[in-house]
Amino acid sequence: MEMCLPAPPKRTNLNIYNLNIAHDSTPAITADSIALNLDKIKFYSLDSMFQLSVDEFILQRNDVIFNNVEYSPTPMNHSGKGLTFRAPSLRLNNVSLEHLLRKRLKATSAVLYQPGITFLTKAKKRVKGKVPIDSTAIKMPAFYQTLHGLSELIQVNTFRIVDGNINFTSNGKSKVTLMVKNLNTDILLHNFLLSDSLVDIKHSMPNLHILQVNVISDKANITMDNYSFDGTHRHNKATKVAVALENGTRIAARDLYWEVFDWDVFQQSKDIQVDVLRIGAIDIQAHHNGAKKEGPAKDLPVIRVARLDIGKVQFNSEGAGEHSSFNADKIALKDMRTRQHFFTWASATGQLNHISHHSKKMDATIGSVRFNSNGYTYITDAAATLHNSNGHTKITTPSLDIQTNIHNTDFSRIAISKLATGNAAVSHTSIKEHDTTHLETQARLTGNQLEVNTGSQQLLQYGDMNMQLSALSYSHTGTIASVPQLSLQLSKGSLHKEKSGHLSLRSGVDLTWQEAQFSLHQADTLELVLQKLSGMFKDASFSWSQGHKIKWPSFINNTTLSEGGLHYRNKQVHVNADNFKLDPATQTFQVRNFEVTPNLSAEETFRTARWQRDYITVKGDALQISGINMHHQPGDTTIAIRKITVDNTQLTTARDKRIPFEHGIEKWMPTKLIHTIPFALRVDSIVVQQSAVTVNESSKSTNKWSAVPITDINALITHFGNTYSNADSLLVQATGRLLGNPIRYFSYHESYGDSLSGFTAESYLAPMDLKDFNAVAIPMAAVKVRRGYADTIFSQWSGNKYATLGAMNFYYHNLNVQVLNKKDSTRQGFMANLETFLANLFLKNRNQRPTRMFFIRDREKFIFNYWVKAETSGIITAVGVKKDRKYLKKYNKAAKKYSLPKK
């Protein structure tokens, strides 16, 4: 250190008070005060790179006072970097006068009053072709060099700064201004000035108080008020910190306190490590423009906080048509740290209140959230409304309890041990053109061992989930459904996204419902109503894939319907069933009290009909399908049924033959008709019990209706289906009563392998009074049987879809008929009497021999017409209207044409 005095002729004033020089004492020179007033007094560092300029020098006893002090680089220093300050006064206490005379500033302590501290920077010139370097930032080596230079000028133990101000401006690529107001601190100057690191600086400052710190940049303004530092205990405080970002976001925190900010770690690794951080309250007013950042998220700086406590939080976020807000109390985190671009913690507790979010797509509110990352989180009074272009979905729940271990902000994977909701209300409404959809229900949801993954193909996994729905109602244009109670249990399931983007579900499913109501209406074309439908669906290995058809066989095999009523109507018919059941355990489907009826009455149907059609009604007590089996090899969709039982069923047909007949439409034989069923079907047997068929027909000649009842039908049909081999045959065996008289046996046997539908048939009727036929003969042919009795009616015939030949055993005696007036059967006249005479003349009074049956089938009529006409041909021969030879001649002529066996 050198002291340099200005050369004359500048004026110098020197005043020394009570000067004492004693060679035998220490110190040898003393004085009360010395006042030296020069234009400038300068002290230089040993390397002459820094100087301390003083306008006035005052020595009071052992203290030195420098007025108007300036510390700055010398003209020889061309670095343009470092630290300078100006101060109205610098006081050195207990200065060594001996050292002062030896051109050294040495004292026990110093006080610098109201200094203005400035950091010098120097921008580098831009080099073409290279990325510009921000050289205006504070270069720490240059800063430490400046401190070392100052240490060469002043040697004191402690250095106090009173009401100091610091200003720093970086004019590089991003301009940054630092302003410190009213800085007060005690510095262990020797340690401070010899510092080579921030750690050394920290150790040299036992206390620090700053009224205000401001950092101003293009992107953010940061203000901290009333900062204090206790270096002994490493405690920090600030009454307020305010941050203002360029996008309008404002953050204000008050009553901040932190302990043990580890400068050693920070210097070595730039990691921020704090033992305790407490914030009394923080207010965040965030703004954003809604734009999503592209590319991967940047890693956060390394931050470790052993304990973080926040008393209160007020959060608001606005921008791009969105608004979010919440309050929080008593937030406490332990072992909080950053990892990549996430925050992690060992434990977190606290409470959020008055949570809300409003956007174009969603409105959500939550009353409170009391969370514990290592225990239960309780959510109360939650409501959310999801909006889309067609409508909205609203969900409200009084409570949601979650037991989960959430220890980071990476919400792409959330593990939930337990979950339970209160009685939530769910409603959905959508309107698309003229279609309106509405759904409402009350729901309770519980779950265990859930894992939600938004960052992988495995979206959801769970141990079990249970959903209880009540008062479920659904309506869509033409569709209405309601379910008083519905329970859905899912177990050991997963929901994942396939490579195609479609969703796929694998789970155990147990679904039960009670007294569901369903109705479907499509104008006048379709109506379906299900009433009081109760049942369950249970599948331990259920699977569903979006974009793939539902596996209906598996679905039906796992569905139980305990009860339900049915009403169905289309353009032609309506179907009613009081009750139906489906039991997959016994592979049984039952329907009770059912009926199938055309929508129009018979009179309305025939009045508007262009062609002859059968008007058919069905009404029965019970229908049971047993042994339903849809479990086959992959690719086999056959529906296999062991047995179908029809009990006490009435089939009624009516045909008005006065209407023109539509020609050109061939009716299939039974086996060929069965093959037209659009799905694979195999029925071992069909059993008909105590049923009846009534055939009603009008006569074109008499203009009257007749009815032929076949009652007490008991039948067995075997090998019914379209999957039987060519070696199999359709077999029908039946008994019943015709016009009240027993049909002891009827059988029909048709081959599946014969392209011509070859068959054999036989029938056997009990003895009967022929007058019983008057119920048919009078209205249809205006013929009355006055007497006659049949001892035997037995027939056998065979053929194919073209013609049939057989033998009729119609043995009778005392036959006598009467021909009636076709217009009025009660009137008698000459012609009717003449026809009666001639009829009895030509008809056989008795027959006791077999006769021929032959009939060429009308392929435009059903098989029942074929059977009746074949039987009728044999009866006509027996009564003498036709001759056996004539039938045989016709048959042999047709045999070659229709591939019939020759006789």
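This is a predicted model: local features need pLDDT of at least 70, side-chain atom pairs count only at pLDDT 80 or more; totals for chains, interfaces and linings use all residues.
Colleague: What makes the contact between Arg254 and Asp255 a salt bridge?

Modeller: The distance from N to O between these two side chains is 3.3 Å, and because a side-chain nitrogen of Arg within 4 Å of a carboxyl oxygen of Asp is what the term requires, the pair Arg254 and Asp255 counts as a salt bridge. By this rule the model holds 15 salt bridges.

Colleague: Why is Asp656 called buried, and what is said of Arg658, its partner in a salt bridge of 2.8 Å?

Modeller: Asp656 has a relative accessibility of 7%, and since buried means under 20%, Asp656 falls in that class. Arg658, with a value of 33%, lies between the 20% and 50% limits and is therefore partly exposed.

Colleague: How do you know that the salt bridge of Glu697 and Lys657 links distant parts of the chain?

Modeller: The side chains of Glu697 and Lys657 meet at 3.0 Å, N to O. Glu697 belongs to strand E39 (residues 681–698), whereas Lys657 sits in the loop between strand E38 (639–656) and helix H8 (670–674), and the two are 40 residues apart.

Colleague: Why is Glu697 called partly exposed rather than buried?

Modeller: Its relative accessibility is 21%, and because buried requires a value under 20%, Glu697 is classed as partly exposed; Lys657, at 28%, is partly exposed as well.

Technical notes: Residues are numbered from 1 along each chain as its sequence is written. Side-chain values use heavy atoms; hydrogens and water are left out. Buried means under 20% relative accessible area, exposed over 50%, partly exposed in between (1.4 Å probe, protein chains only). Helices (H or I, at least four residues) and strands (E, at least two) are DSSP runs, numbered from the N terminus.
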